[in-house]
Amino acid sequence: MSYFLYPKVAARNNSAMSTHETRLTWKLGNRAFRHQEYGRDHEVFLADKPLAVSAAAEYRGNPELTNPEDLLVAALSSCHMLSFLAIAARRGFTVQSYDDRAVGTLAKNDEGRLAITTCVLHPQIVFGGPIDRAQLDSLHDEAHHACFIASSVKTVVTIEPSA
């Protein structure tokens with residue numbers, strides 16, 4: 001069975017459902033451009049709203065700012081939640097709240113390259129009525145397969161919901 005969650009959006013080409021653009025800016029500033037010295041802080045513009053970003057602290061980044069790895073994990077978590085909510089609503093379940101603590105692991109992949117190899121979602125969901133474990137598992141399975149972001153990455157995404 002196919003689950004199409006959103007209405008078709010006009011796109012730039014016939015096969016695209018929608019396009020998503022960001023803008024990124026970085027400047028050297030007054031530092032030397034050497035591997036150990038240049039600044040990693042930059043801005044990403046999402047719909048012309050700036051988001052301050054840096055490398056992860058382990059890679060000489062600014063620990064006060066969001067890093068791309070966290071953004072990827074957040075995108076996987078958010079996409080799963082949005083898919084889950086749409087499917088739950090279509091099935092007649094009422095979701096009162098949804099809280100997730102997602103954990104992504106940066107490690108060497110099968111090719112020996114650093115990658116976010118796994119992402120474990122830990123959603124805690126409060127429903128407005130009864131739901132059994134089989135129904136919950138089915139909702140999560142459908143949501144995982146409907147998630148655009150999970151379908152776009154090699155990362156192994158696991159959902160470990162709290163009962």
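I started with the sheet β1-β2-β3, an open one of three strands in that order with antiparallel pairing. Two strands pair here if DSSP finds at least two bridges between them. Helices (H or I, at least four residues) and strands (E, at least two) are DSSP runs, numbered from the N terminus. β1 and β3 (49-53) are the edge strands, each with a single partner, so one side of each has no neighbour in the sheet. On average, neighbouring strands of this sheet are turned by 25° against each other, direction ignored. Axes are lines fitted to C-alpha atoms, for helices over the stretch in contact, and angles run from 0 to 180 degrees between N-to-C directions.

A note on what I'm looking at: this is a predicted model, where local features need pLDDT of at least 70, side-chain atom pairs count only at pLDDT 80 or more, and totals for chains, interfaces and linings use all residues. Residues are numbered from 1 along each chain as its sequence is written, and side-chain values use heavy atoms, with hydrogens and water left out.

Next I checked how β1 meets β2. Four bridges join the two antiparallel strands, and Thr-25 has Glu-43 in β2 as its bridge partner. I then asked what Glu-43 touches beyond its neighbours within four places in sequence. Glu-43 is in contact (heavy atoms within 4.5 Å) with Arg-23, Leu-24, Thr-25, Pro-50 and Leu-51. Glu-43 counts as partly exposed, at 34% relative accessibility. The cut-offs are under 20% relative accessible area for buried and over 50% for exposed, with partly exposed in between (1.4 Å probe, protein chains only).

I looked at the surface too. Leu-24, Trp-26, Leu-28 and Phe-33 form a nonpolar patch with about 410 Å² of accessible area together. Patch members have over 30% relative accessible area and no salt bridge; like charges are joined within 9 Å, nonpolar side chains (Val, Leu, Ile, Met, Phe, Trp, Tyr) within 5 Å. Areas come from the Shrake-Rupley method with a 1.4 Å probe; for residues, only the protein chains shown count as cover. Phe-33 sits in the loop between β1 (22-25) and β2 (42-46) and is exposed, with a relative accessible area of 58%.

On to the other sheet I looked up. β5-β6-β8 is an open sheet of three strands in that order, with mixed pairing. Its edges are β5 (103-108) and β8 (156-159), each with a single partner strand, so one side of each lacks a neighbour in the sheet. β6 (residues 114-121) runs parallel to β8, joined by four bridges, and Thr-118 stands opposite Val-156 in β8. Helix α1 (residues 68-90) lies across β5, β6 and β8, at about 35° to β6.

Last, the charges. I found five salt bridges (a side-chain nitrogen of Lys or Arg within 4 Å of a carboxyl oxygen of Asp or Glu). One of them joins Glu-142 and Arg-91 at 1.8 Å, N to O. That pair links distant parts of the chain, 51 residues apart: Glu-142 in helix α2 (residues 133-146), Arg-91 in the loop between α1 and β4 (95-100). Is Glu-142 buried or exposed? Glu-142 counts as buried, at 10%, whereas Arg-91 is partly exposed at 37%.

Glu-111, Arg-113 and Lys-154 are linked in a network of salt bridges.
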